[in-house]
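Please consult the sequence and the structure shown below while reading.

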Amino acid sequence: MKEENINKYVGYTDNDDIDIRVQISQYLNCGNDSMSRADFYGINTYSWCNNKNTYESSGYKDMAEPLRNYSIRVIITEFGCVPPDGREFNEVATIFGPQMTDTFSGGIAYEFSNKLNYGIVDIKDGAIIKKPDYFNLKKSFSNISIFDYGISLNTYKDSKIISECPKVSINSRSNSEKLPPKPNENFCKCIEDSMRCKIGTVNISKNALSTESGKALDYLCGKIDCDEISNDSSLGKYGIISSCSSLILSNFIVNKNFISNKMDPDFCKYPIIGSSISHSPVVKSYLSCKL
């Protein structure tokens, strides 16, 4: 987006996984380039599952404390666990209260229409039927005022710090210093047009094609070098065509194996998913394709 000069807010939302929550938040807010950091971070949390919970007992404190000095906006993008005795939405007072408003920019209750028993209304024949949860949530919101805590545009100061990039670990496999190459449709089409042996030529389901082409890829990468399609986020190592589709990646290795075996037709036979040979591809060599 930076390269295309697109000025839009971009954020990331995920579930609150206690094993990787810190690493994810750090990853989204680290590095020297402000355009490489997220504009906001959203957390979907369902830990307030008892109407007698508190900031501490619900796990909200453990979630919030590592983000105290987080420099991008944090939002609870989903909340609303369903306790056995119904939802009173007592967490609203905490989310919009003094313990969290310095860190979180509010929260969004899940959800309006009734799916998986989380809706605050039922919709039948076009009519909206308000459930007790609707009135409980309305009451909880009516009892709060974020302006009680001195939050205003006039007094806000953006003084928080950028995170350190997380180290590669068993729970964090991303090397924050190097991102994978940006997908390029024209480049990938050029790669595809350079194939002398191409698989996936018969009409089968996408699942079957994905499974069988994946099997071919796994087999061949045990026999020949597959650096061009490598994708190792822990080392920040990405092959030149790693951003193309999985079928193009499989095709590339099948074609590479075909050429390395002197274009013997026996090395371009994949009866389940179909294959074809072209002695005069549109593009003579993938090396002429430009990112």
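Predicted model: local features only at pLDDT ≥ 70, side-chain atom pairs only at ≥ 80, totals over all residues.

## Asn184 and the start of helix H5

Asn184 caps the N-terminal end of H5, with a side-chain oxygen 3.1 Å from the backbone nitrogen of Asn186. Asn184 itself belongs to the loop between H4 and H5, and its relative accessible area of 24% makes Asn184 partly exposed. Neighbours within four places in sequence aside, Asn184 is in contact with Ser243 and Leu291. The C-alpha atom of Asn184 is also separated by 7.6 Å from that of Cys244, although the two residues are 60 residues apart along the chain.

Within H5, the buried residues are Phe187, Cys188, Cys190, Ile191 and Asp193. The buried residues of this helix pack against helix H7, which spans 246-260.

## Domains and annotation

The protein is divided into two domains: domain 1 covers 2-143, and domain 2 covers 185-288. Their C-alpha centres lie 43 Å apart.

An unreviewed UniProt entry carries the annotation "domain: X8" for residues 204-291. In the model, this span is 35% helix and 8% strand, and its end C-alpha atoms lie 31 Å apart.

Helix H1 comprises residues 21-28, and Arg21, Gln23, Ile24, Ser25 and Leu28 are buried in it. Against which elements do the buried residues of H1 pack? They pack against strand E1 (11-15), strand E2 (40-44) and helix H2 (60-64).

Strand E2 in turn runs parallel to E3, and five bridges join the two. In this pairing, Tyr41 stands opposite Val74 in E3. Strand E3 also runs parallel to E4, to which three bridges join it. Here the bridge partner of Phe79 is Ala109 in E4.

## Thr94 in helix H3

Thr94 is placed in helix H3. With 11% relative accessibility, Thr94 counts as buried. Apart from neighbours within four places in sequence, the residues in contact with Thr94 are Trp48, Tyr55, Tyr60, Gln99 and Met100.

## Salt bridges

Side chains of opposite charge can pair when their charged atoms come close.

Another salt bridge joins the side chains of Asp102 and Lys160, at 3.9 Å from N to O. It too links distant parts of the chain, 58 residues apart: Asp102 is in the loop between H3 and strand E4 (104-109), whereas Lys160 is in the loop between H4 and helix H5 (185-193). Asp102 counts as exposed, at 51% relative accessibility.

## A pair within helix H6

Glu212 and Lys215 form a further salt bridge, in which the closest N and O atoms are 3.4 Å apart. What separates the two residues along helix H6? Because they are three residues apart in this helix (residues 206-221), Glu212 and Lys215 are separated by about one helical turn.

Glu212 counts as partly exposed, at 21% relative accessibility; the threshold for a buried residue is under 20%. Lys215 is also partly exposed, with a relative accessible area of 49%, and exposed residues are those over 50%.

How values were computed
Residues numbered from 1 in each chain as written. Heavy atoms only, no water. Domains from an automatic or database assignment. UniProt positions renumbered as here; feature names shortened; annotations may be inferred. Helix = DSSP H or I, 4+ residues; strand = E, 2+ residues; numbered from the N terminus. Salt bridge = Lys/Arg side-chain N within 4 Å of Asp/Glu carboxyl O. Buried < 20%, exposed > 50% of the residue type's maximum accessible area, 1.4 Å probe, protein only. Contact = heavy atoms within 4.5 Å. Pairing = 2+ DSSP bridges. Polar contact = N/O pair within 3.5 Å; in protein donor to acceptor, adjacent residues only side chain to side chain.
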